[in-house]
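Student: I would like to go through this structure with you. Could we begin with the place where the ligand sits?

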Amino acid sequence: MLENGHGMSGFIGALPKAELHLHIEGTLEPELMFKLAERNCVKLNQRSVGEIKKAYNFHNLQDFLDIYYEGTGVLATERDFYELCMAYLDRAKLQNIVHVEIFFDPQTHMRNGVPFDIVVKGLHRALSEARERYGISSSIIMCFLRHLDEGQALEVLEEAARFKRWIRAVGLDSSEVGNPPSKFRKVFDAARSEGFLAVAHAGEEGPASYVRQAIKLLGVSRIDHGNNAVKDPALMAELARRRVPLTMCPISNLKLRVVKNLKDYPLRRLMSSGVVVTLNSDDPAYFGGYLNDNYIALSDALRLIPDELYTLARNSFEASFLSDRDKAGLVRRLDSAISDYALSNPTDGIVRR
Ligand code: HPA
Ligand code: ZN
């Protein structure tokens, strides 16, 4: 049998997978931040990449959000958003990511003076190119900032209505505690009647009751994070029964101190309750780990076995917004990647699918 822990990185790299919880603004690496600051004549508070990285020491979600929103100040043109997104997609290709559903925060950019269209066009151009060049399929999820009021969210929804062909779903992010899903009931109702799907961050720092609200009041198809659902067994059972997946982000949770140690990560408790769990990177440039790093870190901490890693990759397709036919195609691709891996690594003891 394959050694657990470090031995898993080859196997993890060989698994085709989807990433479903990824803030494109959170992929802004310090090097690109500097380049864009120079190009757009924006003054940064830090003078070097090293200084920026030193500032990335967070005690909680708000600590991170303050720095993350500051970083977005260098993004100004369609080309900037294209380059940001393409840099992520180049990495995604190397990580064996075959499908991605990316979040963006239009309200942050509009406050920075960047029109909605500029942002969406830049992201869409990169995603189309990656589809052609790398065969990576994708969709875009527009998030409302929950620290702002619902009236502003309704205004952004109007902008989004013009880009329905490109934007698949709406989401909810930013400071969670004190900004419950119930605050956004009207805008989510409006979005769903416009034909958008819905997701929401819930239960990262907020209580399990926010996860319940997101399902009951916002009609979400997935919960982003959802960690605190483990404190409520009846809720776990409901997530399992309704097949509402969680898009979990282990390295983010560690860096924002949602969990103390990945050894305590509630993955197996959720999975054995029947919850569809997926792994994701959230804001990889700020947390220091892309998708495979998240799989590896959790695999090391919990000594995951190949079968569990297979389930996580498979869940990433099941939980996506792809059609049943496309999901089935990707699951077949996953199975054949495992067979190929088993054939070329016969001593690892991987069972072929
Ligand atoms: N939680 C809430 N808002 C966010 C996050 C997160 O993990 N990442 C970027 N915006
Ligand atoms: Zn997030």
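Student: Which cavity does ligand 1 take up?
Tutor: In this predicted model, the space taken by ligand 1 is the largest cavity.

Student: And which residues surround ligand 1 there?
Tutor: The shell consists of His23, Leu61, Phe64, Leu65, Tyr68, Asp173, Ser174, His201, Glu204, His225, Asp282 and Asp283.

Student: How do the residues of that shell divide into nonpolar, polar and charged?
Tutor: The shell around ligand 1 has four nonpolar, four polar and four charged residues.

Student: Which helix gives the most to the shell?
Tutor: That is helix α4, which spans residues 61-71 and contributes four residues to the shell around ligand 1.

Student: What about polar atoms? Which atom of ligand 1 lies 2.8 Å from Glu204?
Tutor: A nitrogen atom of ligand 1 is at that distance from a polar side-chain atom of Glu204. On the side of Asp282, a polar side-chain atom lies 2.8 Å from an oxygen atom of the ligand. For His225, an N or O atom of the side chain is 3.0 Å from an oxygen atom of ligand 1.

Student: How much of the accessible area of ligand 1 does the protein cover?
Tutor: On its own, ligand 1 has 260 Å² of accessible area, and the protein covers 100% of that.

Student: Changing topic: how many helices and strands are there in the protein?
Tutor: The protein has 17 helices and eight strands.

Student: Why is it said to be as compact as a globular protein of that length?
Tutor: The globule rule gives 20 Å for 353 residues, and the radius of gyration of the protein is 19 Å, close to that value, so the protein is as compact as a globular protein of that length.

Student: And what box do the C-alpha atoms fill?
Tutor: Taken along the principal axes, the box is roughly 55 × 45 × 40 Å.

Methods
Residues numbered from 1 in each chain as written. Chains lettered and ligands numbered in written order. Predicted model: local features only at pLDDT ≥ 70, side-chain atom pairs only at ≥ 80, totals over all residues. Heavy atoms only, no water. Near = heavy atom within 4 Å. Polar contact = N/O pair within 3.5 Å; in protein donor to acceptor, adjacent residues only side chain to side chain. Areas by Shrake-Rupley, 256 points an atom, 1.4 Å probe, with all protein chains shown as cover. 1 Å grid on protein atoms, 1.4 Å probe; cavity = no way out; pocket = protein on both sides within 12 Å on 5 of 7 lines; lining within 4 Å. Sits in = over half its atoms within 2 Å of the grid points. Helix = DSSP H or I, 4+ residues; strand = E, 2+ residues; numbered from the N terminus. Nonpolar A, V, L, I, M, F, W, Y, C, P; charged D, E, K, R; others polar. Rg over C-alpha atoms; globule rule 2.2 N^0.38 Å.
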